[in-house]
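The sequence and the structure come first, and the text then follows the pairs in turn.

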Amino acid sequence: MRLSSLLLFSGIVGCALSVLVNSEVEGIPEDKLLVVTVATKETDGYRRFLRTAKHFNYTVKVLGRDQKWKGGDYMSAPGGGQKVRLLKEGLKEMKDDDQIILFIDSYDVVFASGPKELLKKFQQAKHRVVFSSETLIWPDRHLEDKYPHVREGNRFLGSGGFIGYLPNIKELVTNWTGDDGDSDQLFFTKIYTDQSKRKSINITLDNKCRLFQNLHGALDDVVLKFEDSQVRVRNVLYDTLPVIVHGNGPTKLQINYLGNYIPNTWTFESGCTVCHEDLRSLTALQENEYPLVVIGIFIQQPTPFVTVFFERLLKLQHPKNKIKLFIFNKEAHHQRQVRSFLKDYGSLYENVTVIEPEEEMDGAASRNLGLDLCRRDQDCDYFFSLDIEVVLKNKDTLKILIEQNLPIVAPMITRAGRLWSNFWGALSGDGYYARSEDYVDIVQGRRVGVWNVPYVSNVYLVKGGLLRRELKDYELFSSSDPDMAFCHSIRNKGIFMYVTNMHTFGHILSTENYQTGHLHNDLWQIFENPVDWEERYIHENYTRIMKDKLIENPCPDVYWFPVFSTVACNHMIEEMEHYGKWSGGGNVDSRITGGYENVPTIDIHMIQINFEKEWQKFLVEYVVPITEKMFPGYYTKAHFELAFVVRYKPDEQPSLRPHHDASTFTVNIALNQVDLDYQGGGCKFLRYDCSIQAPRKGWALLHPGRLTHYHEGLPTTSGVRYIAVSFVDP
């Protein structure tokens, strides 16, 4: 009898457990879930929300489209009542009592997982309505005592997201009679803190953020979790993986940062998965079909390599008749370069507007004016803002940015050898620079994509339509900090700014310590901007010297190789002639130690034009490596007492008598071209009866100075010959 009873009891228990297990496995069908949101206009945040919803196959119903928003801005005062009114009206047409309604914001929300996980976690909450939770109480702190206490988790309700059965959601909003500008948060808080209503509707909070993660007050609790081809947010405080992430309150920048990854925008496995979506291809367009671009060029301080900037501008791949130029030049120092460019090439462009230094316009006013030129021109499709210190080496930059089809997008540029770039990954509490966790990886190219960021500067593309709609305000820039003011205006309007590092675009020059007291001031930039200096002044074949065996050996232990560009040669000659204080060619010379020169030349020393440090740097970087290759075992730091430019003229000093140099080795660079600039010239090494009679412009002769290489300068018979000479390691 006992055995029978025990078996009967066991069977009942087993049956009950089976029912419970089957009940849990069964779950809520995904087609019963409807996502409801309010969006009175399409914003960048709304489009991001829809993209994540589509990724997980959520069904979304949008309320309030094309209606005027009257629900406040949430940041300065409570609001949101319009959402409740629209929800109440929208629910009237819904009749299925088994329908599950997920009501969430859209402008600052992303989905991190799909309906299956959401519904499972909703079931596990064992209530008919589940609200998101927060650590902070808003908007009425006096209601804190009415909130039920929780053993663990967030105590306060967040109105930005809740899920529940249709009948219960209808009951939740049935008594709404408020104005559109009233607080939805306060309305739902009063229902939840009323014990009888809470029980009647069967409401609970998602205390441990299993369904909803509100970021306000919880930023330190949230980290990215990279899974296989998917990215989640993990709440480290409760060890949960929320399905929905909401950048509520003042956390819009943080949701933008997370949205760069969630749910699969960028993954370690696939990189950027959305960077090739919604592009605007220019490939098939005829020239007259290209968009019209106003390029705003801003010169606000003395800047090196301005001539090179304009050379690159000419190479920018976009039809010139589809470009209007707006040039703001605050610096009289650069008027010559601007006017020279416009004289030679201005007629190629559709239109040119120039603001010159005499007009005394400040930087902020010029940028506002530039944007407004595009804003007022209905044909203007884009405004391309370009600071003069930007080195755009990618001639397809404009095409790439236009094809991204984004409201505001910047090409990432950096400063050589530094972590500086033209974007910020995050902002500090007071609105200035802060480094995001991914900043270094983006700058150094370990993460490649198109990134939503809070700040861009120096070079960026703005859609013209954006200026005529959302950015109608004329004064987007202010004098205190123009770029900061501009980006602040953009963020406040909910417009996303992007930076792309999917291509190499260029870099930005250092304008620190740029002196304007010389004729060719760029010659002095070997320290501040060594990459640009090399590109401008070093021979195009220099880097191929060893690989392609370009070093020639015309005489014993004499080596001949390309080192200076044509521009370098011309600038050196022009700089010396501009200085003009050539020596008399006599033996008495106060410029040198001892005051006496055995073998005098008509010359100007590098030290006379304050170029000695730059010249030594040049020798160390570009001559020493060749010296150490050609003379194995000899190492040098390129110390010199004499470095100078010599001028040979038939009626002045045509030649130089045989002599030894006061050096371990000598570097002799031809600065102009035989047969074109002069006749004759060259160098003869008497010991070897070996002459070099046709020096090549920009090529250096490298030879020992003492003992073995007794030599003379051959006569210049016509014209003027210039050489740059260095006596190294005297």
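In this predicted model, cysteine 374 is joined to cysteine 380 by a disulfide with an S to S distance of 2.0 Å, and the link is left-handed, with -95° about the S-S bond. Both cysteine 374 and cysteine 380 are buried. The count of disulfides comes to 3, and when the bonded cysteines are numbered in sequence order the pairing reads 1-2, 3-4, 5-6.

| Disulfide | S to S distance |
|---|---|
| cysteine 272 and cysteine 275 | 1.8 Å |
| cysteine 374 and cysteine 380 | 2.0 Å |
| cysteine 555 and cysteine 690 | 1.9 Å |

The torsion about the S-S bond of cysteine 272 and cysteine 275 is about 95°, so this disulfide is right-handed. Cysteine 272 counts as buried at 16% relative accessibility, and cysteine 275 counts as buried at 3%.

For cysteine 555 and cysteine 690 the torsion is about -80°, so the disulfide is left-handed. This pair links distant parts of the chain, with cysteine 555 in strand β28 and cysteine 690 in strand β36, 135 residues apart. Both cysteine 555 and cysteine 690 are buried.

Strand β36 belongs to an open, antiparallel sheet of 4 strands in the order β32-β38-β35-β36. Because β32 and β36 each have a single partner strand, one side of each is left without a neighbour in the sheet. Strand β35 is joined to β36 by 3 bridges, and phenylalanine 685 has cysteine 690 as its bridge partner in β36.

Two further cysteines remain. The sulfur of cysteine 487 lies 17 Å from the closest cysteine sulfur, in cysteine 374, which is too far for a bond. Cysteine 683 is in no disulfide, the nearest cysteine sulfur, that of cysteine 555, being 7.9 Å away.

Note on methods:
Residues numbered from 1 in each chain as written. Predicted model: local features only at pLDDT ≥ 70, side-chain atom pairs only at ≥ 80, totals over all residues. Heavy atoms only, no water. Pairing = 2+ DSSP bridges. Helix = DSSP H or I, 4+ residues; strand = E, 2+ residues; numbered from the N terminus. Disulfide = S-S within 2.5 Å. Buried < 20%, exposed > 50% of the residue type's maximum accessible area, 1.4 Å probe, protein only.
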